[in-house]
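Thank you all for coming. Today I would like to walk through one model with you, and I ask you to keep the structure in view while I talk.

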Amino acid sequence: MITSKQRAYLTGLANSLDPIVQVGMQGVTPEVVKSAEEAFNTHELIKGSVQKNVLEDVRECAQTLAERSRSELVTVIGRKFILYKPFQDKPVIVLPRKKTQ
């Protein structure tokens, strides 16, 4: 679970990214999940989009894709979403620290 400060940091990093994953009329299909998983092989942070003709809610599509690809949904803005999944061995993106009490 990421904090709001980490979420804001990741959103700022994703501003310059182009959408890599596109959810089409069929919704979140196994092909879309495979495409996201392949993108996570080389990227920790990906941006995706949901086409206008999709009947499902954009947030639902993004959340479903995050669950199936075992990643974290950072944010949904309009018809675009950002997903984050750190590399297992050595993360490239260093997130701001969580506050300790």
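Ser71, if we set aside its neighbours within four places in sequence, is in contact (heavy atoms within 4.5 Å) with Phe40, Ala66, Leu83, Tyr84 and Lys85. Please bear in mind that this is a predicted model, in which local features need pLDDT of at least 70, side-chain atom pairs count only at pLDDT 80 or more, and totals for chains, interfaces and linings use all residues. Residues are numbered from 1 along each chain as its sequence is written, and side-chain values use heavy atoms, with hydrogens and water left out.

Is Ser71 buried or exposed? Its relative accessibility is 15%, so Ser71 counts as buried, where buried means under 20% relative accessible area, exposed over 50%, and partly exposed in between, with a 1.4 Å probe and protein chains only. Ser71 sits in the loop between helix 3 and strand 3; helices (H or I, at least four residues) and strands (E, at least two) are DSSP runs, numbered from the N terminus.

Let us turn to helix 2, residues 30-40, whose buried residues are Val32, Val33, Ala36, Ala39 and Phe40. They lie on the same side of helix 2, because they cover an arc of only 120° around the axis, the arc being that of the directions from the helix axis to the C-beta atoms. The face turned away from that buried side carries the exposed residues Pro30, Glu31 and Lys34. As for partners, the buried residues of helix 2 pack against strand 1 (21-23), strand 2 (45-50), helix 3 (58-68) and strand 4 (80-84).
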